[in-house]
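Look over the whole chain before turning to single residues. Then follow the text from the overall fold to two local places.

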Amino acid sequence: MRGEFKVRGGKLVSVEVESDGETVTSAHVFGDFFLEPDDALEDIDAAIVGQGVDATAAVLSRAITERLEARGEPVQLIGFDAEAVAVAARRALGHASSWDDLEFDVIGPVTMPPIMHVALDEVLPHEVATGRRRPVFRIWDWDSPLVVIGSYQSVMNEIDAQGAARHGIDVVRRITGGGAMFMEPGNCITYSLVVPTSLVEGLTFEQSYAYLDDWVMGALAEIGVSARYVPLNDIASDQGKIGGAAQRRFAEGVVLHHVTMSYSIDAVKMGEVLRMGKEKLSDKGTRSADKRVDPMRSQTGMARQTIIDSFLDFFRSRYTTRESTYTEGELAAARELVATKFSTPEWTNRVP
């Protein structure tokens, strides 16, 4: 059995294993990484042998690290680490999946009230978990303004009620953590991924953020934006922050991961609706409230729809996909959640 793991910004690690059904009887680690001294590879292989076939990535990583430390001399793992070997080994043992194992339903922009997209981020993970849906990649689009706050934020602390009322902007709480999303038609680019938890098997939360957004780094490069991931969950360029990610792991075995990137935001209005000090405004890419937060537009000179089309094309070229759309059942379930949860004061104003 064989498993692979590509280290983000590093090298490919492959592991071939055999087992007797209970323990690993042989292991062979290889890849395009560097290792000094080279005979340390025998110790990495040996650390995996004898482990239970259900050993977690943490257990495998610890066994590898302890085996290397027992050599009594420095060992340099260049372009990979013990965690990468552990993830590849778990995949070889059938406990983790890779992007190549998945076929995605791709749903392009469908314009609807933004609160519906918030609700769909709860509906679709359950559809994927039950097998009624393949893993999903979808682009949001919306027809009205909304501030979407993180699951653990306080409305009182985040929102200027008078400013929001003056501009006719409602507030909705989403099911993931992170900060507020200031959304007006055409001002952001937002996408959601729903994948099996096995895709991020063995990864820390910090690693999983970067891993699930690795594709968008390539998509940004295609349109001339040199971007990097800033832990925990920010995407940035040399000109400042582009966007941020949020994530929720469900007990049914799926992960919701979504990202919002600024295309062209009215910083004056945002500053009147959100309670943001100078530090937070600077973090969002503007030094004063008379400017627009427009990293995607200013860095590319491209229309928002052109960027969205490019992202969709890049994702389709990289992974196995099929075109899809929302079912009537999914939309009905989302509307029900809007009515019973996401539009209610009890949910929006709850104190986490």
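The paragraphs below go from the whole chain to a few residues.

This is a predicted model, in which local features need pLDDT of at least 70, side-chain atom pairs count only at pLDDT 80 or more, and totals for chains, interfaces and linings use all residues. Residues are numbered from 1 along each chain as its sequence is written, and side-chain values use heavy atoms, with hydrogens and water left out.

The chain contains 14 helices and 18 strands; these are DSSP runs numbered from the N terminus, with helices (H or I) of at least four residues and strands (E) of at least two. Along the principal axes, the C-alpha atoms fill a box of roughly 70 × 45 × 40 Å. Buried residues make up 52% of the 352 residues, where buried means under 20% relative accessible area with a 1.4 Å probe, protein chains only. Of the contacts (heavy atoms within 4.5 Å) between residues at least 6 apart in sequence, 71% join residues at least 24 apart.

Helix H8 spans residues 214–222, and its buried residues are Trp 215, Val 216, Met 217, Ala 219 and Leu 220. Just after H8, Gly 224 has a positive phi of about 90°.

Where does Asp 45 lie? Asp 45 belongs to helix H1, residues 40–48. Asp 45 is buried but has no salt bridge, that is, a side-chain nitrogen of Lys or Arg within 4 Å of a carboxyl oxygen of Asp or Glu. The nearest side chain of opposite charge, Arg 67, is 10 Å away; Lys and Arg count as positive, Asp and Glu as negative, while His and the chain ends are not counted. Leaving aside residues up to four places away in sequence, Asp 45 touches Ala 27, His 28 and Val 29.

Technical notes
Buried means under 20% relative accessible area, exposed over 50%, partly exposed in between (1.4 Å probe, protein chains only).
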